[in-house]
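Take a moment to look over the sequence and the model.

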Amino acid sequence: MAWFLGLGIAGVVLLVLSFVLDGVLEGLLDGISVVDGLLDGLLSLPVIAGFLSMLGFSGALALGTTGLGAVGATVIGVPAGVLTGWLAYRLSRALMRDYSGAAPRDDDLIGVSGSVVTAIPADGYGEVLVRLAGQPVKLAAKSPVAVARGAEVWVEQTLSQSAVSVRPVER
């Protein structure tokens, strides 16, 4: 039973190490053209950790509760380990495909409304607060006419990465 418990504990330790050494095992096989893309994540640390820990713990459970012996416990532990390794592989693939939307760009600011937080003098700079992708963003703003604090404005163009040209909203 000690061997099975040792395998289970080693799998848990390997899982913890996989958080620190993410991608190292895959990186070791990068130079070998024969296996390039062949395994595609099947030898990742989470998959191996899931296999080892389930093999060890289910084998120890089978050995402790039944009289099957080490061979019988291994026969029970291997399929359980393969199933857990496959589930870890599928979960990691699903998480790797979870792409969020593209990052907002400067051009996404054009046409966005905002409010002036620091008054803008004519042909001078002030500050506006706009919402970009649901997040408040404070930007330097320039306007051809004076705009008072609290006024609603529209972004006409981006001047730089953190400055925009605005015009007041006419009501």
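Helix α3 passes helix α4 in a right-handed crossing. A crossing is right-handed if the near helix is turned clockwise from the far one by less than a right angle, and left-handed if anticlockwise. This is a predicted model, in which local features need pLDDT of at least 70, side-chain atom pairs count only at pLDDT 80 or more, and totals for chains, interfaces and linings use all residues. Residues are numbered from 1 along each chain as its sequence is written, and side-chain values use heavy atoms, with hydrogens and water left out.

Two packed helices are described by the angle between their axes and the distance between the axes. For α3 and α4 (residues 69–96), the angle is about 150° and the axes are 7 Å apart. Axes here are lines fitted to C-alpha atoms, for helices over the stretch in contact, and angles run from 0 to 180 degrees between N-to-C directions. α3 and α4 are therefore roughly antiparallel to each other. The cut-offs are these: under 35 degrees is roughly parallel, over 145 roughly antiparallel, 65 to 115 roughly perpendicular, and the rest oblique. By class, the contact of α3 with α4 has 15 nonpolar, nine polar and no charged residues. Ala, Val, Leu, Ile, Met, Phe, Trp, Tyr, Cys and Pro count as nonpolar; Asp, Glu, Lys and Arg count as charged; the others, Gly among them, count as polar.

Which residues does Ser58 touch beyond its neighbours in sequence? Ser58 lies in helix α3. Leaving aside neighbours within four places in sequence, Ser58 is in contact with Ile76, Gly77 and Ala80. Contact means heavy atoms within 4.5 Å. Ser58 counts as buried, at 12% relative accessibility. Buried means under 20% relative accessible area, exposed means over 50%, and partly exposed lies in between (1.4 Å probe, protein chains only).

Leu63 is also a residue of helix α3. Its relative accessibility is 22%, so Leu63 counts as partly exposed. Not counting residues up to four places away in sequence, Leu63 touches Met1, Phe4, Gly69, Ala70 and Ala73. Take Ala73 from that list: Leu63 and Ala73 are ten residues apart in sequence, and their C-alpha atoms are 5.5 Å apart in space. Gly69 sits in helix α4. Gly69 counts as partly exposed, at 24% relative accessibility. Gly69 and Met1 are 68 residues apart in sequence, with 9.3 Å from C-alpha to C-alpha.

Now turn to the other partner of α3. Helix α1 (residues 2–20) and helix α3 (residues 45–65) pack at an angle of about 155°, with their axes 7 Å apart. That makes α1 roughly antiparallel to α3. The crossing of α1 and α3 is left-handed. On the α1 side, the contact includes Phe4, Leu5, Leu7 and Leu14; on the α3 side, it includes Leu45, Ile48, Ala49 and Leu63. The residues of this contact of α1 with α3 divide into 16 nonpolar, six polar and no charged.

Leaving aside its neighbours within four places in sequence, Leu14 is in contact with Leu45, Ile48, Ala49 and Leu52. Leu14 and Ala49 are 35 residues apart along the chain, yet their C-alpha atoms are separated by 5.4 Å.

Helices (H or I, at least four residues) and strands (E, at least two) are DSSP runs, numbered from the N terminus.

Move on to the strands. Asp123 is found in the loop between β1 (113–118) and β2 (124–132). Most residues other than glycine have a negative phi. Asp123 has a positive phi of about 55° although it is not a glycine. Asp123 counts as exposed, at 55% relative accessibility. Ser165 lies in strand β5 (residues 163–168). Ser165 is buried, with a relative accessible area of 12%. Not counting residues up to four places away in sequence, Ser165 touches Lys142, Trp154, Val155, Glu156, Gln157 and Leu159.

Finally, the whole chain. Of its 171 residues, 26% count as buried. Among contacts between residues at least 6 apart in sequence, 50% join residues at least 24 apart.
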